[in-house]
Amino acid sequence: MRLAWACAVVIACSLASTFPARAIWLSENGASAWLSGSIEHGDEETFKAFLERPRSQPLKVIHLSSEGGFLTPAMAIGRMIRKAGLATAVDAGRTSCDSACTFIFAGGVHRHYVNAEGLFEGLSGHAGLGFHPSHSKGNRIRSGEHSERGTARMRAYYAEMGMPRAADLMQKASITTLFRPNARTAQELRIATSLTAP
C-alpha cells in the first residue's frame with residue numbers, strides 16, 4: 001500500500017512539472033475580490049465570466065497580487081474593470097503588482113496604493129507596483145528582447161487609463177529590472193488616486 005501511494009505521489013509530481021503554471025486565481029468576499037497569479041492568454045475570458053457571475057452584493061474593489069504576464073489579456077482585464085466602475089488596490093506592505101499587473105491596476109476608477117509610504121523607491125525591493133518597458137519572452141535558446149511596439153502600446157494604454165506618467169517609470173527600468181515607486185511618487189504622477197485602503 002505504501003509503495004502504491006509513493007508511486008502515485010511521484011507520478012503526480014512528474015505530471016505537475018510538465019504543465020505550465022496556473023494562470024490567474026480569483027476569489028471574492030462581499031464587495032471585495034482578489035486577483036493573483038501569472039496573467040496568461042485566455043485570462044480575460046476567465047475574468048469576464050467572473051464579473052458576470054450572479055452575486056447578492058455588487059463588487060466594488062479588486063485587490064491585486066501578481067508577477068505580471070502578457071500585455072493583451074492584462075489590458076483587456078483593466079478595461080473591463082474600468083467599464084464596470086471598480087476600484088483597484090495593491091498593498092505594498094504585503095504584495096507586489098509587477099509588469100502587466102500594473103495595466104490591471106490602471107483600470108481602477110479609484111486606484112489604492114496602500115502601505116507604500118515606507119517603500120524604498122527604485123530598482124530594488126520586492127513589493128508594491130513594479131514598472132518596466134515591454135519585452136519579448138525569452139527562453140533557453142533566445143533571450144528576451146526589448147519591444148518598441150509593445151512599449152508604445154503600454155504608453156498608449158497608460159494614457160487611456162489616465163495615468164500617462166507611468167510611462168516615465170517604465171523607462172527607468174530595463175527588461176530585467178523593475179522600478180518601484182513609493183507612495184509620494186505614485187500619487188504625484190496620478191498612478192495612485194488614494195494611499196488608504198478602499
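Mentor: Two strands pair if DSSP finds at least two bridges between them. The structure above is a predicted model, in which local features need pLDDT of at least 70 and side-chain atom pairs count only at pLDDT 80 or more, whereas totals for chains, interfaces and linings use all residues. Residues are numbered from 1 along each chain as its sequence is written, and side-chain values use heavy atoms, leaving out hydrogens and water.

Trainee: How many helices and strands are there in the protein chain?

Mentor: Helices (H or I, at least four residues) and strands (E, at least two) are DSSP runs numbered from the N terminus. Read from that end, the elements follow the order α-β-β-α-β-α-β-β-α-β-β-α-α-α. The protein chain therefore holds 7 helices and 7 strands.

Trainee: Which strands are the edge strands of the open sheet of 5 strands?

Mentor: This open sheet has mixed pairing and the order S1-S2-S3-S4-S6. An edge strand here pairs on one side only, and this applies to S1 and strand S6 (111-114). Neighbouring strands are turned by 20° against each other on average, direction ignored. The edge strands are thus S1 and S6.

Trainee: Which residue in S2 is the bridge partner of Ser27?

Mentor: S1 and S2 are joined in the antiparallel sense, and their pairing spans 5 bridges. In S2, Ser27 has as its bridge partner Trp34.

Trainee: At about what angle does H2 run to S1?

Mentor: Axes are lines fitted to C-alpha atoms, for helices over the stretch in contact (heavy atoms within 4.5 Å), and angles run from 0 to 180 degrees between N-to-C directions. H2 is laid across S1, S2 and S3. Its angle to S1 is about 15°.

Trainee: With the side chain of which residue does the side chain of Thr72 make a polar contact?

Mentor: A polar contact is a pair of N or O atoms within 3.5 Å; within protein, one must be able to donate a hydrogen and the other to accept it, and residues adjacent in sequence count only if both atoms are side-chain atoms. Thr72 is found in helix H3 and is partly exposed, with a relative accessible area of 39%. Its C-alpha atom is separated by 9.6 Å from that of a residue 81 residues away along the chain, Arg153. The polar contact of the two side chains, at 3.3 Å, joins Thr72 to Arg153.

Trainee: Is Ser99 buried or exposed?

Mentor: Ser99 stands in the loop between strand S5 (96-98) and helix H4 (101-106). Although not a glycine, Ser99 has a positive phi of about 55°. With a relative accessible area of 16%, Ser99 is buried.

Trainee: What is the relative accessible area of Arg190?

Mentor: Arg190 belongs to the segment after helix H7 (183-188). Arg190 is not a glycine, yet has a positive phi of about 60°. Arg190 is partly exposed, its relative accessible area being 48%.

How values were computed
Buried means under 20% relative accessible area, exposed over 50%, partly exposed in between (1.4 Å probe, protein chains only).
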